[in-house]
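Let us walk through this structure one part at a time. Keep the sequence and the model in view.

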Amino acid sequence: MNSTPTADNGIVDVIGVGAGFSGLYLAHRLTTAGWSFAGFEAGPDVGGTWFWNTYPGARCDVESIYYSYSFDEALQQEWTWSQRFAPQAEILAYINHVADRFDLRKHFTFGTRVVAATWNAAERLWEVGLDNGETRRGRYLISGAGGLSTPKDFDVPGLGNFTGLQVSTSSWNISLDDLADKRVAVIGTGSSGVQAIPLIAQVAEHVTVFQRTPNYVMPARNAELPAAQVESIKSEYPAIREECRHSPGGIPDRPATDRALDVPAEERRRRYERAYQLSGFNGVGAEFADLLVDAEANRTASEFLHDKIREIVRDPATAELLVPKYHPFGAKRSCFGTDYYETFNRPNVSLVSLREEPIETMTANAIVTPKNTYEADALVLAIGFDAFTGPLYGLGLTGASGRKLQDVWQDGVRTYLGIMTADFPNFFMVAGPQSPALASNVVMTIEQAVDWIADLMEHARERGATVVEATAEGQDDWVDVTEKTVAATLYATTESWYRGSNVAGKPSTFMGYVGGVGKYRRMCTEIAKRGYPGVEIDGQAQCRAL
Ligand code: NA7
């Protein structure tokens, strides 16, 4: 049970949702500042994404030394990452360590989901319904529910017919051994599928990969972190973190100033090759300044990577199917894999392109396309998430005007800084849509958002104010900023979960601010310094924000 004391009237200062990276830092930051806090977490323990996504090969594609909290110097000195890209189990162990070290579990009720939340304007508080039937009342409601925590429905008929073993990467509940010697069908080739497929192929009798859109997959080049490198990083951690906070992506920047087409073809290729060896988000995608804004420049990187696929994959027909041809490199989330393309050289792995033969239905033991019937004993779904809005709509939010969040956002997401949304007073989103979350080392974005929220709450408290809300004008301006920023990039040309296109019927809005973590931080800091323009504090609108 939640052990946070509440006032006699049963009203807690803050109701927090989720005990992943966001929720834990929220609990720590706000309770340290003297707010009472009641957190609710659907899972049985801390971890969020890293609690649920336990599929084989699951690891973060941001390097561990950056994908971790920076708020406490002693914490970052005492924790030692073993690998360049930490596997899921190690990240979960880290999150557990943080929860223990700062005694954070006492602030949460586990196994309990927030399913309804209604703003009570008369009493200036949120009435929050839980899936156990109870109601809690809180002055503020803050979502740390994450952006990729609501699995997408499988939108192909016939899934219910399949009677074999069935598992999703996002709620993995079997062991790899359960797939041993089975004919396994894997649907989905985003980051999750790309990480899982090579390991499943090592144990399965046969793996049939069903690919809808080929992705750019670069070798992760994961490795043990040498002790000397760890020591060197630790000795400079505060400076490294500061660099991350002001960087484009929340990791130390490899600033690119050259434009791809200004460089002779031979040299360009040499540079791509060197960057390919580096890998990570500072690899090929960071080699030239214009790769995400100029289609011709992008083509040079795309073609370099196409050639890599053709070099690795021995069967030319399979290689051609794996070559990404429907989007520019980087416009959809790039993947980092280990032996991904090499896996298609195994005799027990085959590839089905759903562009050529879409799934028509499933039977008890097969996937049926117009061309073939693919028998399978087990089905692995790696089909992704109803990103950002899925988790938020799951909270059942009803705002000041009595409308549900999904109705207010029926034509697309509208937020102020990706943190607040008009008509939902005292409600905050950590790493929400239209924040830099989607295009950043999200832990940096989380810390920044939590600190900004805490500062705004403190600002209101010092003034004796109890209600803060984004103004419609502030929000319009922010939506405009996010749209103009993305319109100048190739992200705008590509259908992906970044813009909600992976979920049928979801209105198309780009879900992130892609102007950079550092620039975003500067804007947020400036807004705070100016007394929060774009926010109404106890009904007093400040001047226009942006
Ligand atoms: P992603 O990246 O959304 O990938 C999902 C994959 O599943 C992708 O290849 C989809 O093809 C495919 N998909 C989705 N629905 C279907 C259906 N109905 N039929 C066939 N194929 C389908 O999710 P991940 O879990 O891999 O990664 C999510 C993020 O986690 C990732 O971006 C990182 O940020 C970490 P599509 O491309 O839509 O054609």
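Helices here are DSSP runs of H or I of at least four residues, strands are runs of E of at least two, and both are numbered from the N terminus. This is a predicted model, in which local features need pLDDT of at least 70, side-chain atom pairs count only at pLDDT 80 or more, and totals for chains, interfaces and linings use all residues. Residues are numbered from 1 along each chain as its sequence is written.

Nonpolar covers Ala, Val, Leu, Ile, Met, Phe, Trp, Tyr, Cys and Pro; charged covers Asp, Glu, Lys and Arg; the others, Gly among them, count as polar.

Now the record. UniProt, in an unreviewed entry, lists residues 13-224 as "domain: FAD/NAD(P)-binding". UniProt positions follow the numbering used here, feature names are shortened, and annotations may be inferred rather than shown by experiment. Over residues 13-224 the chain is 23% helix and 25% strand. The end C-alpha atoms of this stretch are 44 Å apart.

Next, the domains. The domain assignment gives domain 1 as 11-150 + 387-467 and domain 2 as 217-385. Such bounds come from an automatic or database domain assignment. The centres of the two domains, taken over C-alpha atoms, are separated by 30 Å. Where they touch, 24 residues of domain 1 are in contact with 20 residues of domain 2. Contact means that the C-beta atoms of two residues, placed from the backbone, lie within 7 Å. On the domain 1 side, α3 (73-78) and α14 (442-462) each supply at least two residues. Helix α3 gives the most, with 3 residues. That side has 9 nonpolar, 11 polar and 4 charged residues.

Finish with a sheet. Three strands form an open antiparallel sheet in the order β13-β14-β15. Strands pair if DSSP finds at least two bridges between them. The edge strands, β13 (361-363) and β15 (373-375), each pair on one side only. Strand β13 pairs with β14 (residues 366-368) in the antiparallel sense over 3 bridges. Thr363 stands opposite Ala366 in β14.
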